[in-house]
Amino acid sequence: MNGGGKIEGSFSAIIKNIGFARLVLGIFFIFLMILGFYLNIGMGKIAGDILKRVGMNGILVLAMVPSIQSGTGPNFALPVGIVCGLLGITCAIDFRLTGLTCILAACAMAAVFASVAGFFYGKLLNAVKGAEMMIATYTGFSIVAVSCLAWLMIPFSNPSMAWFMGKGLRETVQLDVVNAGQVFDRFLQFQIGETVVPTGLLLVVGLFCFGVYLFFLSKTGLAISAGGMNPKFSHASGLNIDRNRIIANVLSTILGAIGIIVYSQSFGFVQLYTAPLMMAFPAVAAVLIGGATASRAKVSHVVIGVVLFQGLLTISLPVTNKIFAGTDISEIMRAAIQNGIILYALTQVKGVIKK
């Protein structure tokens, strides 16, 4: 009996340390990988696709860390930063910039736009304490609706972005016309068998992850984390909680803006209008899969989560197509995994399920 109790206790401790959702999805991911090898799908190419998707989405998922650490929860208003990033890259294209210069200039302009937007968004969250996630969701939806009007009304002059007839920008703008497609991906890129490794893209994501890690070791970063963990004690200690929440959400908005530029250059297209509407949900799901909760998140959670989430989405399509003879249920799996994990994580308080 004692031995059984020890085993049960050890198993419970393992689940608590790893996280139930992460454990289940990790096992499911390994199962799909083994199944893919068994079905002779071509796992080398799929591994390369996973690496690319990890790089494309990494910074967007990283944008969740500052907002969660500040106590405002996952940033469901990520479209605010995404719209700022899209504005930055469309401005860079309109200025006739090309190649790496276009992408870097877009990041610089997007960071300026996102700083302003993030400041006002942080002020909004300070005014609605206790309902941040709900307000954030509707803020993201609202900014996308407003941006749809902006893409029609802003007087851009570059014909490569405009409709052939009428005014406004196209729904999809190709980056190949300014030689800005996959500029990070191709840097130091190499191939092992069928696996293409986008070294430059992964280095960029790694650099931002390291930067956020260092930021939260700084005095300001520690103050943000302390305020999110225990606001009353932090306020009693003399910390300006509201100011730190604004700084965190400015940082989150900037990361979202730069993240969509990195995503777009790897994708090869800039998608406007309603494309950013639901982009916050995969990012939130990924960081929660990685082990974050609604109140605590680390860079390691981002790395683990984006690999698991994007890996599952990438490998599920060819496996299900092979098993179900052409029937594509990958979108159903994506929706079930994504929304299920968000629901699971948001029912937790400090990572422990209420009993």
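How close do the axes of α3 and helix α11 (residues 241-267) come, and at what angle do they cross?

## Before you start

This is a predicted model, in which local features need pLDDT of at least 70 and side-chain atom pairs count only at pLDDT 80 or more, while totals for chains, interfaces and linings use all residues. Residues are numbered from 1 along each chain as its sequence is written, and side-chain values use heavy atoms, with hydrogens and water left out.

## α3 against α11

Back to that opening pair: the axes of α3 and α11 come within 7 Å and cross at roughly 165 degrees. (Axes are lines fitted to C-alpha atoms, for helices over the stretch in contact, and angles run from 0 to 180 degrees between N-to-C directions. Helices are DSSP runs of H or I with at least four residues, numbered from the N terminus.) That makes α3 roughly antiparallel to α11, the label for angles over 145 degrees.

The crossing of α3 with α11 is left-handed, meaning that the near helix is turned anticlockwise from the far one by less than a right angle. On the α3 side, the residues that meet α11 include Gly-55, Met-56 and Leu-60; among their partners in α11 are Gly-256, Gly-259 and Tyr-263. Sorted by class, this contact has nine nonpolar, five polar and one charged residues. Here Ala, Val, Leu, Ile, Met, Phe, Trp, Tyr, Cys and Pro count as nonpolar, Asp, Glu, Lys and Arg as charged, and the others, Gly among them, as polar.

## α3 against α13

Helix α3 (residues 43-62) also packs with helix α13 (residues 299-323), at an angle of about 135 degrees and with the axes 8 Å apart.

Ile-46, Ile-50 and Arg-53 are among the α3 residues making the contact, and α13 brings residues including Val-302, Val-306 and Gln-310.

## Buried spots and cysteines

In helix α9 (residues 219-229), the buried residues are Gly-221, Ala-223, Ile-224, Ser-225, Gly-227 and Gly-228; buried means under 20% relative accessible area, with a 1.4 Å probe and protein chains only. They pack against α4, α8, α10 and α11, where contact means heavy atoms within 4.5 Å.

As for disulfides (pairs of cysteine sulfur atoms within 2.5 Å), the structure holds zero. The sulfur of Cys-102 has its closest cysteine sulfur in Cys-107, 9.5 Å away and too far for a bond. Cys-102 is buried at 0% relative accessibility, and Cys-209 is buried at 9%.

Conventions. Helix = DSSP H or I, 4+ residues; strand = E, 2+ residues; numbered from the N terminus. Parallel < 35°, antiparallel > 145°, perpendicular 65-115°, else oblique. Buried < 20%, exposed > 50% of the residue type's maximum accessible area, 1.4 Å probe, protein only.
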